[in-house]
Amino acid sequence: MSDKVLYWGSMVFGGLALLLLVANVCLINGNRNLQVELGQRQAAISNAANLNQLNQALIQALAQASVNNQDRK
């Protein structure tokens, strides 16, 4: 009797451990995908800051050129 209980108990706990392993692998893959997406968003934000500086420089250059050429339009 005791051997059967130990056998089925170990089978249940083994199955539970296997299910937890599969769930852990799924969660790790989901986190990795989220990290990739977050990295892409951070890169886009960084590029936007650089483009903002470039736009400001371009606007200033155009304004200076219009002043130098006395172009009121």
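This report walks through the fold, surface and side-chain contacts of a predicted model.

## Overall shape

Let's start with the whole chain. It holds 1 helix and 0 strands, and its C-alpha trace spans about 105 × 15 × 10 Å along the principal axes.

What share of the 73 residues is buried? The answer is 0%. As for the surface, the accessible area of the chain comes to about 7,000 Å², and carbon and sulfur atoms account for 64% of this area.

## The helix and its end

Helix α1 covers residues 2-68. With 67 residues, α1 reaches 98 Å from its first C-alpha to its last, which is close to the 99 Å expected at 1.5 Å a residue. Just after α1 comes Q70, a residue worth a glance for its backbone, with a positive phi of about 55°.

N47 and L34 are 13 residues apart in sequence, and their C-alpha atoms are 20 Å apart in space. A63 and N50 are likewise 13 residues apart along the chain, with 20 Å between their C-alpha atoms.

N47 lies in helix α1, and at 46% relative accessibility N47 counts as partly exposed. A63 is also found in helix α1; A63 has a relative accessible area of 38%, so A63 is partly exposed too, the range for that class running between 20% and 50%.

## An aromatic pair

Which kind of arrangement do the rings of Y7 and W8 adopt? A search of the whole structure finds 1 aromatic pair. In that pair, the ring centres of Y7 and W8 are 5.2 Å apart and the planes meet at 75°, so the pair is edge-to-face. The reasoning rests on the angle, because planes over 60 degrees apart count as edge-to-face.

The two partners fall into separate accessibility classes. Y7 has a relative accessible area of 44% and is partly exposed, while W8, at 55% relative accessibility, counts as exposed. The cut-off that matters here is 50%, since exposed means over that value.

## A nonpolar patch

Now for the nonpolar side of the surface. L18, L21, V22 and V25 together make a nonpolar surface patch of about 360 Å². L18, one of these residues, lies in helix α1. Is L18 buried or exposed? Its relative accessible area is 53%, so L18 is exposed.

## A salt bridge

Where charges are concerned, the count comes to 1 salt bridge. R41 forms this contact with E37, and the closest N and O atoms are 2.8 Å apart. That distance counts as a salt bridge because the rule asks for a nitrogen within 4 Å of a carboxyl oxygen.

How far apart in the helix are R41 and E37? Both lie in α1, 4 residues apart, which is about one turn of the helix. R41 counts as exposed at 54% relative accessibility, whereas E37 counts as partly exposed at 35%.

How values were computed. Residues numbered from 1 in each chain as written. Predicted model: local features only at pLDDT ≥ 70, side-chain atom pairs only at ≥ 80, totals over all residues. Heavy atoms only, no water. Helix = DSSP H or I, 4+ residues; strand = E, 2+ residues; numbered from the N terminus. Buried < 20%, exposed > 50% of the residue type's maximum accessible area, 1.4 Å probe, protein only. Areas by Shrake-Rupley, 256 points an atom, 1.4 Å probe, with all protein chains shown as cover. Patch = residues over 30% accessible without salt bridge, like charges linked within 9 Å, V, L, I, M, F, W, Y side chains within 5 Å. Salt bridge = Lys/Arg side-chain N within 4 Å of Asp/Glu carboxyl O. Phe/Tyr/Trp six-rings, centres within 6.5 Å; stacked < 30°, edge-to-face > 60°. Expected span 1.5 Å × (residues − 1).
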